[in-house]
Amino acid sequence: MSMAHDGLWSIGELAVHAGVTVKTIRFYSDRGLLPEASRSAGGHRRYGPDALERLRLIRSLRTLDVPVPEVRRILAEQDERGGDEERGGTGGALEDAVAVRLRALGSELRALRWREAALRLVHECPPGERADRLRLIGSLTVPPSTAPLARFWRGWLPPRMPARSVGAFLEVAVPHLPDEPAPAQVLAFARLHALVTRPCSVGERPQPAAHRIARAGGAAVLYAGLAEAYELAGTQMRRGRQPGAGEALDGFVAAYADAYGTRDTPGFRRVLAGELAADPRLDGYWELAAVVTTAPGRPPEPTPGAAHDWLLAALREQTAASA
């Protein structure tokens with residue numbers, strides 16, 4: 001690589017050695033990323049021997065889509081370290097910028113996978129169903145948000161529940177979305193989104209009797225107990241067990257008994273079975289949630305709704321036998 005007698009390159013010479021255009025170098029210079037060593041008598045930019053490596057670093061960072069302000073921070077940190085290549089190129093600014101880009105790229109890839117699955121959903125369906133599926137998909141963001149589902153449950157839960165109890169319930173009630181969804185999972189989530197966002201007529205979504213708990217803190221006690229019972233029931237369901245007596249059912253009944261401040265007796269179980277059988281159902285929600293959270297070809301993952309049905313069936317069977 002030849003240089004002028006003063007050891008400096010013109011902007012054109014630097015462009016040739018770096019394999020970039022003069023316009024690119026001028027862009028970085030004007031933004032303070034690539035300082036000039038001096039100007040010629042004619043006012044032309046001149047660059048020192050370190051400009052080539054600095055320009056290569058800038059190009060590498062921009063190839064990784066690191067924003068110009070972050071490139072400036074990385075270069076400033078390198079300058080502070082005296083240009084030591086072993087230390088200057090591995091500073092905190094570089095690590096932070098790469099971590100931010102990785103997170104952003106992960107979100108972009110997730111959005112692309114959801115968009116691909118949505119396109120396959122429309123492409124593979126019968127022509128007569130395409131308009132309906134397009135309408136459902138059109139109401140979603142990409143990647144989709146579960147915020148509408150969380151709002152639905154916040155309005156459905158008993159009032160004045162502690163924030164920690166609400167958060168714990170939402171963690172299990174709002175499905176975690178797959179990063180690489182199948183078309184069927186996209187369709188199920190779109191229908192789930194439509195279910196929770198559609199306008200409801202007065203009295204269409206009544207609260208279950210379990211919400212009418214007068215005792216202070218009763219709702220938090222109830223839902224904490226139910227969460228444990230649902231987890232135990234889910235274990236039995238994954239093993240293919242039929243509804244029946246056991247620890248899961250006892251925990252299920254105890255959650256209601258503790259919330260109401262009463263004892264678990266055969267009479268209480270009979271009354272509870274009748275009340276729960278008359279409660280409003282949200283089966284459609286849980287069926288769709290199971291599709292969203294279950295990988296294609298695998299048995300449906302137990303949802304709180306499915307676990308509740310399993311436990312209620314066990315309770316009804318037990319009370320019927322005792323009667």
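Student: What makes Leu105, Leu109 and Leu112 a nonpolar surface patch?

Tutor: Patches consist of residues with over 30% relative accessible area and no salt bridge, where nonpolar side chains (Val, Leu, Ile, Met, Phe, Trp, Tyr) are joined within 5 Å and like charges within 9 Å. Leu105, Leu109 and Leu112 make such a patch of about 250 Å², with areas from the Shrake-Rupley method, a 1.4 Å probe and, for residues, only the protein chains shown as cover. The model is predicted: local features need pLDDT of at least 70, side-chain atom pairs count only at pLDDT 80 or more, and totals for chains, interfaces and linings use all residues. Residues are numbered from 1 along each chain as its sequence is written, and side-chain values use heavy atoms, leaving out hydrogens and water.

Student: Why is Leu112 called partly exposed?

Tutor: Buried means under 20% relative accessible area and exposed over 50%, with partly exposed in between. The relative accessible area of Leu112 is 48%, so Leu112 is partly exposed.

Student: How do you know that Asp65 and Arg101 form a salt bridge?

Tutor: The term requires a side-chain nitrogen of Lys or Arg within 4 Å of a carboxyl oxygen of Asp or Glu. The closest N and O atoms of Asp65 and Arg101 are 3.3 Å apart, which places the pair among the salt bridges. Asp65 lies in the loop between α3 (51-63) and α4 (68-80), and Arg101 in helix α6, so the pair ties together parts that are 36 residues apart in sequence. Helices (H or I, at least four residues) and strands (E, at least two) are DSSP runs, numbered from the N terminus.

Student: Is Arg101 buried or exposed?

Tutor: Arg101 has 17% relative accessibility and therefore counts as buried. Asp65, at 43%, is partly exposed.

Student: Why is Glu124 called exposed, and what is its salt-bridge partner?

Tutor: Glu124 reaches 51% relative accessibility and so counts as exposed. Its side chain meets that of Arg120 in a salt bridge at 3.7 Å, N to O. Arg120 and Glu124 are 4 residues apart in helix α6, so about one helical turn separates them.

Student: What makes β2 and β3 a pair?

Tutor: Two strands pair if DSSP finds at least two bridges between them. β2 and β3 (residues 45-47) pair in the antiparallel sense over 2 bridges. The open sheet has 3 strands in the order β1-β3-β2. β1 (9-10) and β2 (38-39) stand at the edges with a single partner strand each, so one side of each is left without a neighbour in the sheet.

Terms used. Buried < 20%, exposed > 50% of the residue type's maximum accessible area, 1.4 Å probe, protein only.
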